Amino acid sequence: MDEKIRELRRKQAILARHHIYEKKEQPQSFVSSLSPDEREVFMKGARAANAVVLRKRKRRSRVAKVFGVAFLSVAAFIAILPIFFTFLNSFMSSAEIEGNYGVVFKSLPGGSNEASRFMDEAPQLQLVPQEVSADQYSEVLFKSPSYLFRYWNSILLTVPIVIGQLAVACMASYSFMRYRKKRREVLFFLYIILMLMPFQVTLVPNYIMNQALNILDTPLAVILPGVFSTFSVYILTKYMRRIPKAYIEAAIIDGASEWQIFTKVVMPNCKAPVAAMAILLFIDYWNMVEQPLVMLQEEGMQPLSVFLSKVNVENIGLAFAACALYMIPPLLIFLRGEDQLVEGISQSGIK
Amino acid sequence: MKEWGAGIGFLLPSVAGVFLFFFIPFLMLVKMSFQKSATIGDFAGLANYNAVLTNEAFLEACGNTALFTAVTVPAAILISLLLALVLNTQLPGKSTFRSLLLTPMMVPVASIVLIWQVMFSFNGVLNGWTYQLFGLERIDWMKDHGQLLTMLLFLWKNLGLNIILFLSALNNIPQEVVESSLMDGCGSVRRFFSIRLYYLGPTIFFVGIMSLINSFKIFREVYLLTGNYPYGKLYTLQHFMNNKFTRLDYTQLSVAAVILSIAMMIIVGILFLIESRIDKGVEE
């Protein structure tokens, strides 16, 4: 029996070897059929044809590039024009501003009188101030304290909200990340729904509670609901759930307490999204109008964002400087934190 | 048990605050919406709902908000997607362009409204130009095209975040798929529709939801531009609520909030259903 099998295998091996070494007739390729001279000619032609295709492609990509840059330039121009314009105008003297735009504000709703709507003089759009002056700034900073007070109000409302919301949200999202039992998932879902609710819905409950706690017309009425807003909980939980489980398990094996895991393992991994959230929250609350308008009836409490809309003929002279000053903190933060912002948002795996 | 306790400790501040400021008062609100008035606890049935749903101001506000949302959300998605696609190609000065395009998202609307007023008011710069150069009749932009102006302002302000989201999604498209499509001689249009759009699906929905939420915030722009009682087309839901606030009409207010929250839940629920379907497709 063995003999037979061995015989068979030997035959197969021999066959296989034959198969490998079997000479096959090489099909004559087109190139090898040419004589060296002909080959030279043919290659030259092929190269030329290739070059044409390449050139065409290059030209096309260059055209696409030019179009792309032109398109982006237009978009970027539109994007920064209003900012640029505000800053340039803020360096005009108050008199110049009044001369240029006084007409505009007479025709706004609430402007002085209806007849002035039909004045013939057109306002002058001037990009470059005729004489550069820090008039408006000195007016805002030193002579009209109401602007500075409102500015301080803005800071007083925004900074506690950003810090508070991040602290609360980091802890909450740590909990949502660590324990994913059914009840907690339901709660997380409720948070998501809450995050999606527009102000029109959430402001009324907030107002009722503020009234019950008797903190209406104090900064707390805006700060507390802001602190417990759930937007950052959602984003941070999404991010924390992508941290490898092994990190946390290793910490547990080493005997770390929950607090240690939170501060030493999870938070150091969350720098980018926390920074991004801080920037987003800052601009969001720096920009807020609805909440103070409802919660703070007293005008002296309101932030500058509400106050700026009350520009009229009398104070147009310093409005541009006030607007420019109001833009500066978020712009500085953006200048410093753009990369963190972009990185944090793209890392958090929001989709 | 210990684990559970520690978890609760971390969650407690947030849950306490959320229940205190959002859920509990919301339940009170639901109860109030069935009452005769905020102080009289008699059950009124659906009378309040009837009153709000037949209130013309409410209906107009709903219509205006719906129209605004229907125009701006698709526009916000399309424009920011286009910008992100162009930014994603090899162009000189790409990062500068990105910074410039993202700047508007950092600017408070209140600072920019002044420019809008200077440009578009009846005696404004734009009308001045068209009048002087072409002798055109002046257009009362704020009154006749107020919604268009607020849409422009909204788009100007909100495109930045969408661009970031789209850029990160474009970076996450697996490069092998794109390369193999290039090998197979796939053109850029085909590549966009068959590959990129497929991977961008979830992001498009997220951007859509974010824009939807933001579009409900449009009151901010309108208020800053025109104050508490704007021209008809600009009257938004938030105006309705604010005016009820000042008149202390709590039952109507609570009814409006309940109706809105239900509407919002339905819209978002539908979006999430579609999204989960698309998500499944991408994961496969």
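This is a chat about a predicted model with chains A and B.

Reader: Before we start, how are residues, chains and ligands labelled?

Author: Residues are numbered from 1 along each chain as its sequence is written, while chains are lettered from A and ligands numbered from 1 in the order in which they are written. The model is predicted, and local features need pLDDT of at least 70, side-chain atom pairs count only at pLDDT 80 or more, and totals for chains, interfaces and linings use all residues.

Reader: ok, what is chain A built from, helices or strands?

Author: Chain A has 15 helices and 0 strands. Both are DSSP runs numbered from the N terminus: helices are H or I with at least four residues, strands are E with at least two.

Reader: How much of chain A is buried?

Author: Of its 351 residues, 39% are buried. A residue is buried if 20 or more other C-beta atoms lie within 10 Å of its own, exposed if 12 or fewer, and partly exposed in between, with C-beta atoms placed from the backbone.

Reader: And how many residues touch between the chains?

Author: 80 residues of chain A are in contact with 80 residues of chain B. Contact means that the C-beta atoms, placed from the backbone, lie within 7 Å.

Reader: Which part of chain A gives the most there?

Author: Helix α2 (residues 36-89) of chain A, with 13 residues. The chain A side divides into 59 nonpolar, 13 polar and 8 charged residues. Here Ala, Val, Leu, Ile, Met, Phe, Trp, Tyr, Cys and Pro count as nonpolar, Asp, Glu, Lys and Arg as charged, and the others, Gly among them, as polar.

Reader: New topic. What is in the largest nonpolar core?

Author: That core has 152 residues, and those with the most contacts inside it include Leu236(A), Ala322(A) and Trp116(B). Helix α15 (residues 316-347) of chain A gives the most to this core, with 15 residues. A nonpolar core is a set of buried Ala, Val, Leu, Ile, Met, Phe, Trp, Tyr and Cys residues joined through C-beta atoms within 7 Å.

Reader: What does Ala322(A) touch?

Author: Leaving aside neighbours within four places in sequence, Ala322(A) is in contact with Val140(A), Tyr147(A) and Leu308(A).

Reader: Ala319(A), where is that? And why does Ala319(A) count as buried?

Author: Ala319(A) is in helix α15 of chain A. Ala319(A) counts as buried because it has 27 C-beta neighbours inside 10 Å. Ala319(A) and Thr86(A) are 233 residues apart in sequence, yet 9.5 Å apart in space, C-alpha to C-alpha.

Reader: Over to chain B. What about helix α8?

Author: Helix α8 (residues 146-171) of chain B has 26 residues and reaches 38 Å from its first C-alpha to its last, close to the 38 Å expected at 1.5 Å a residue. The expected span is 1.5 Å times one less than the number of residues.

Reader: Where does α8(B) bend?

Author: At Asn158(B), by about 40°. The bend is the angle between axes fitted to the seven residues ending there and the seven starting there.

Reader: Is α8(B) enclosed or open?  What's the count of buried residues?

Author: 21 of the 26 residues of α8(B) are buried, so this helix is largely enclosed by the rest of the structure.

Reader: Last one: what is the phi of Asn214(A)?

Author: Phi of Asn214(A) is near 65°, a positive value in a residue other than glycine. Most residues other than glycine have a negative phi. Asn214(A) lies in the loop between α7 (199-213) and α8 (220-227) of chain A, and counts as exposed because it has 9 C-beta neighbours inside 10 Å.

Methods. Contact = placed C-beta atoms within 7 Å.
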